[in-house]
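This report describes a single protein chain, shown below. It begins with one residue and its surroundings and then turns to the wider fold.

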Amino acid sequence: MFLWRACHNLLPTKANLFRRGICDNNLCPICQREEETVGHACWDCPAANDVWGEGSIKLQKCVSGGREFMEIFQMVKNRCEMAEVELFAITARRIWIRRNEYIHEGSFTHPSHIMREANNALAYFQKINDKTVQQGRPAPKPERIKWQPPPQGRVKINWDAAVDGNNKSIGLGIIARNDKGWFLAALYAVTFCREEGYRSTIFEGDALQVVNDVNSTNQCQSMHGHLIEDIKVALQALNQACFTHAKREANAAAHALAVGARNHVIDTMRWSSIPSCIYGIVRREESFPSS
Ligand SMILES: [Zn+2]
């Protein structure tokens, strides 16, 4: 999906925002030297160059600078093996995410770390593919119940909690996606919506009792009543938010995140790229529409 948006010049680069009158200049927010097109952000910018410099020489040599992203991708596709093309796509996406992290959070991941992450993601992606091929499985049958995207213009938050009574630990998983199924973030706080300005939001979880309690106009008298009341207050700040129920199968990504968090497999943090523990689920769920 990133690749499609990048090739069709649909990323909110400074050049695109400037053209639409949304910002007052078109300069790259990182190097401040050139117009920030998709090609510049993901390939030509010295900061992007530092990342590609950590990768394969062949990839570096097969592209000349100053081009649109679509042309860059075509050059890579024409001259490189499939694995390198996949690595290119993953790395370009990660460079774009780093650029956003720099703008919104002021953090800037080291080039070698970006390349390592991209290689790990590629290895994971290939492993999943190999497994499917080795097991000789045909394409999996569509599940009866699948995740459904929200209506256009809304954001859907899937949430879940996983509790380990013996070790007294709990994990919360929250994943945000838009009507195209595009992954927006995985996180642990509903306040994310307020921070990001997502006012029109669907919160979907598989805990029916919680959904019913939140939607009830009566004050919740149970042990977790104070939490329910907190959620109701938080929802009022989002003028178009609703709390809905889904089957566990349609909430798989949030469930996997919650289990990962409970088992301390993943850190308590916020991601703008898909965490590996839910990568396969999110990719599979992107293939809607479904029955
Ligand atoms: Zn730049």
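Thr244 is partly exposed, because 13 other C-beta atoms lie within 10 Å. Under the convention used here, a residue is buried if 20 or more other C-beta atoms lie within 10 Å of its own, exposed if 12 or fewer, and partly exposed in between, with C-beta atoms placed from the backbone. Thr244 belongs to strand 5 (residues 240–245); helices (H or I, at least four residues) and strands (E, at least two) are DSSP runs, numbered from the N terminus.

Not counting residues up to four places away in sequence, Thr244 touches Ile202, Glu204 and Val211. Two residues are in contact if their C-beta atoms, placed from the backbone, lie within 7 Å. Thr244 and Asn212 are 32 residues apart along the chain, and their C-alpha atoms are separated by 8.6 Å.

## Model and confidence

This is a predicted model, in which local features need pLDDT of at least 70 and side-chain atom pairs count only at pLDDT 80 or more, while totals for chains, interfaces and linings use all residues. Residues are numbered from 1 along each chain as its sequence is written.

The average pLDDT (the predictor's confidence in each residue, from 0 to 100) is 78 for the protein, and 76% of the residues score at least 70.

## Overall composition

The protein contains 13 helices and five strands. Of its 291 residues, 30% are buried. Among contacts with a separation of 6 or more, 63% join residues 24 or more positions apart.

## Nonpolar cores

A nonpolar core is a set of buried Ala, Val, Leu, Ile, Met, Phe, Trp, Tyr and Cys residues joined through C-beta atoms within 7 Å. The largest such core has 26 residues, and Ala41, Cys42, Ala48 and Ile95 have the most contacts inside it. At least two residues of this core come from each of helix 3 (38–44), helix 4 (46–52), helix 6 (69–79), helix 7 (82–105) and helix 8 (111–134). Helix 7 supplies the largest share, six residues.

Leaving aside neighbours within four places in sequence, Ala48 is in contact with Ala41, Cys42, Trp43 and Ile95. A second, separate core has 20 residues, including Val155, Ile157, Trp159 and Phe243.

## Helix 7

The end C-alpha atoms of helix 7 are 34 Å apart, which agrees with the 34 Å that its 24 residues should span at 1.5 Å a residue; the expected span is 1.5 Å times one less than the number of residues. The buried residues of helix 7 are Leu87, Phe88, Ile90, Thr91, Ala92, Arg93, Arg94, Ile95, Trp96, Arg98 and Arg99. Gly106, which follows helix 7, has a positive phi near 75°.

Ile90, in helix 7, counts as buried because it has 22 C-beta neighbours inside 10 Å. Apart from neighbours within four places in sequence, Ile90 is in contact with Ala118, Ala121 and Leu122. The C-alpha atoms of Ile90 and Leu3 are separated by 8.8 Å, although these residues are 87 residues apart along the chain.

In helix 6, the buried residues include Phe69, Ile72, Phe73 and Val76. They lie on the same side of helix 6, because they cover an arc of only 95° around the axis; the arc is that of the directions from the helix axis to the C-beta atoms. Among the elements that cover the buried residues of helix 6 are helix 1, helix 3, helix 5 (57–61) and helix 7.

Ile278, Val282 and Glu285 are buried in helix 13 (residues 276–285). Their arc around the axis is only 60°, so they are on the same side of helix 13.

Ala256 lies in helix 12 (residues 252–262) and is buried, because it has 24 C-beta neighbours inside 10 Å.

## Positive phi in loops

Asn9, in the loop between helix 1 (2–7) and helix 2 (14–19), has a positive phi near 55° and is not a glycine. Asn9 counts as partly exposed because it has 15 C-beta neighbours inside 10 Å.

Gln32, which is not a glycine either, has a positive phi of about 60°. Gln32 occupies the loop between helix 2 and helix 3, and it counts as exposed because it has 9 C-beta neighbours inside 10 Å.
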